[in-house]
Amino acid sequence: MAKPALPSSAATEWDRDAALTTARILLEIKAVNFRPEEPYTFTSGWKSPVYIDCRRIIYFPQARSKICALAVEKVHRHVGYESIETVAGGETAGIPFAAWIADRMSLPMSYVRKKPKGFGANALIEGDVPVGRRTLLVEDLTTDGASKIRFANALRDAGAVVNHTFVVFFYGVFPGAFETLAKMDIALHSLCTWWDVLEACKDRPYFSDAALSEVRRFLENPVAWSGAHGGITSAEEAMARKAAAEE
């Protein structure tokens, strides 16, 4: 299976440099976990030898400052300087990143709940409902895009205009993420993928050669790897499991 294609917006020299910088930061703060011998099971049902803990970023001030600076530059380059009017974070991991990004962009910020609390327009959205405003949906990461769809739908149902979502880390391997979001007219923007982490690992021996080899096998055919280790094998099943888990 060939290496998955990245969106055209990730092909510039700046994007490649930003991706490797982000990957090196994540490796340095030990947000990257390789465990081929005991695979992780995601809520969606995918099995994976790799796991990223982007929540660790919030503890490291210099790391988070650099990542947020790169995030804002990414949005400006690929969305526009005046194309976003408000920022919304997804509960819970997306909230701090949305706050930092909104602050740097001098924009209002809200957050979207996973489940309703209360009644009316504010049942799912805290802060204020960005009715008619071009809204950037922010989370820390995405595997297959499922949670972005639910958050985007909640914002749209409340009257927001959502055509862009940003994450620090995109797994870049499981099927369906770009395609599903594209059907909803939502562009996914990210700083870094697992391929970038593997590239950054060439600089320093963060992990054993055996672990890196197994991770590469996973990245080259994640669906088959998941199935061979007891996980799901389709994007449709991933969406159904995530929806069931959050009911």
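**Exercise 1.** List the residues that form one aromatic cluster.

Solution. In this predicted model, the cluster is made of Phe 34, Phe 42, Phe 169, Tyr 171, Trp 194 and Phe 207.

**Exercise 2.** Classify the aromatic pair of Phe 169 and Trp 194, then decide whether each residue is buried or exposed.

Solution. 
- Step 1: a search of the whole structure finds ten aromatic pairs.
- Step 2: Phe 169 and Trp 194 lie 5.0 Å apart, centre to centre, with 75° between the planes. Planes over 60 degrees apart count as edge-to-face, so this pair is edge-to-face.
- Step 3: Phe 169 sits in strand β9 and Trp 194 in helix α6, 25 residues apart, so the pair links distant parts of the chain.
- Step 4: buried means under 20% relative accessible area. Phe 169 has 0% and is buried. Trp 194 has 1% and is buried.

**Exercise 3.** Find the buried residues of α3 and explain why they line one face of the helix.

Solution. 
- Step 1: α3 covers residues 94-105.
- Step 2: its buried residues are Gly 94, Phe 97, Ala 98, Ile 101, Ala 102 and Met 105.
- Step 3: down the axis of α3, they fall within an arc of 130°, so they line one face.
- Step 4: an α-helix has 3.6 residues a turn, so residues three or four places apart point the same way.
- Step 5: the cover over the buried residues of α3 includes α2, β5, β6, β8 and β9.

Definitions and conventions: Residues numbered from 1 in each chain as written. Predicted model: local features only at pLDDT ≥ 70, side-chain atom pairs only at ≥ 80, totals over all residues. Heavy atoms only, no water. Helix = DSSP H or I, 4+ residues; strand = E, 2+ residues; numbered from the N terminus. Expected span 1.5 Å × (residues − 1). Buried < 20%, exposed > 50% of the residue type's maximum accessible area, 1.4 Å probe, protein only. Arc of directions from axis to C-beta. Contact = heavy atoms within 4.5 Å. Phe/Tyr/Trp six-rings, centres within 6.5 Å; stacked < 30°, edge-to-face > 60°.
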